[in-house]
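Q: I'm new to this one. Can you walk me through the spaces inside it?

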Amino acid sequence: IMADKRISKIVYLFGAGATHAEMISLYHEKHNDLTFLRKNGLLMNHVSERVIKASLEKGVLRTSYQIKKLLSPAGLSNVELFISLIEKNQVKSEKVIYGLKKEIKQDIEIVLNDPRRKKFLLHRSLLELHSLMEERETLVGIISLNYDNVLDDAYRDLKIKPDYGLYSKNENGDKKTPLLKLHGGFQLLYRRRLLPIITPGVNKNYLELPYNFIWGRALEILLECTQLRIVGCSLNQNDIGLIDLLFKAHLAMG
C-alpha cells in the first residue's frame, strides 16, 4: 500500500512519431493514405524523400558531384544519417550540408504551417494531465529529438516558459520543468543567436557548447526519474548517442 502511494517521477522521450501523431490526429481518415503521407508525413522517411527531391530540383547537391553520386535512384530513407556521414568523413560539403539542413527546416515548417495546426492538442493535453496528477506523478522533464516547435508551443499555451538547459545552471534560479532538445530546434536561441541543429548519427557535436549542457542535463533527469515513457521514438542504430546516454543512466542507477 505504501509503495502505491509513492509519487512516480516521470521523464518523457519524444521522437518524430509524436509530432506525426498530432498531424494524423487531425486527418485520422487518411492515416493509411500513402499519397497524403508522402506529402504531409513527419516521420524521417517522409521528410527524407521530400528533402532529397527538393534538393535535387533546387540544385543544392549540384555543387558536389562527389556527394550527388552517393545517392541511389531510390533516394534516401534517412537524410539526417546521410548528413552525419558526410560530415564525419570530411567530404568537402559545407555548402551542401547547410543546404540540406535548410531544406529539412523548410520541409517540416511547411507541413506544420497547416491552418489546422492550432487544433493540435496531444502535447498540450499531456502537460495538462500532469498538472492534474501531481499527487501521483511528478513530471521531472521532457527530452525531445525533434527540431520543430510543437512541444514548445504546448508549453507556451499553458503559460509555461520552457527551460532548455542551455547553460550550466538556471540563470534565474527558479525551478522549471526542463524541455531538453538534444538535437536543437529551428528557433532555439543561444547567446542571442539561432543555434544550429545537429543531426544524430556518428558525429559528436553534442560534446560542444551548449549541447554538452543539454545532454548533461538530460542524464541528470534520467537519473532522477523512476519511469521513462517513450513516445514516437524508434531508438534505432542512428541514435547511438542517445542509446549511450540511456545506458549510462542504467549503469549509474544499478
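**Cavities and a helix**

Q: How much space lies in the second largest cavity?
A: About 40 Å³. A cavity is a set of points on a 1 Å grid over the protein atoms alone where a 1.4 Å probe fits but cannot get out. Its volume is the space filled by probe spheres set on the points, joined across faces, edges and corners.

Q: What kind of model is this?
A: A predicted one: local features need pLDDT of at least 70, side-chain atom pairs count only at pLDDT 80 or more, and totals for chains, interfaces and linings use all residues. Residues are numbered from 1 along each chain as its sequence is written, and side-chain values use heavy atoms, without hydrogens and water.

Q: Back to that cavity. Which residues line it?
A: Lining residues have an atom within 4 Å of a point. Among them are Phe14, His123, Asp148 and Lys181.

Q: Which helix gives the largest share of that lining?
A: Helix H9 (residues 150-157), with 3 residues. Helices are DSSP runs (H or I, at least four residues), numbered from the N terminus.

Q: And how much space is in the largest cavity?
A: About 70 Å³. The lining has 13 residues, and His183, Pro200, Gly201, Tyr206 and Gly241 lie nearest the centre. Helix H11 (residues 240-253) gives the most, 3 residues.

Q: New topic. Which residues of H6 are buried?
A: In H6 (residues 79-88), Val79, Glu80, Phe82, Ile83, Ser84 and Ile86 are buried, meaning under 20% relative accessible area (1.4 Å probe, protein chains only).

Q: What does Asn78 reach at the start of H6?
A: A side-chain oxygen of Asn78 comes to within 3.1 Å of the backbone nitrogen of Glu80.

Definitions and conventions:
1 Å grid on protein atoms, 1.4 Å probe; cavity = no way out; pocket = protein on both sides within 12 Å on 5 of 7 lines; lining within 4 Å. Helix = DSSP H or I, 4+ residues; strand = E, 2+ residues; numbered from the N terminus. Buried < 20%, exposed > 50% of the residue type's maximum accessible area, 1.4 Å probe, protein only. Polar contact = N/O pair within 3.5 Å; in protein donor to acceptor, adjacent residues only side chain to side chain.
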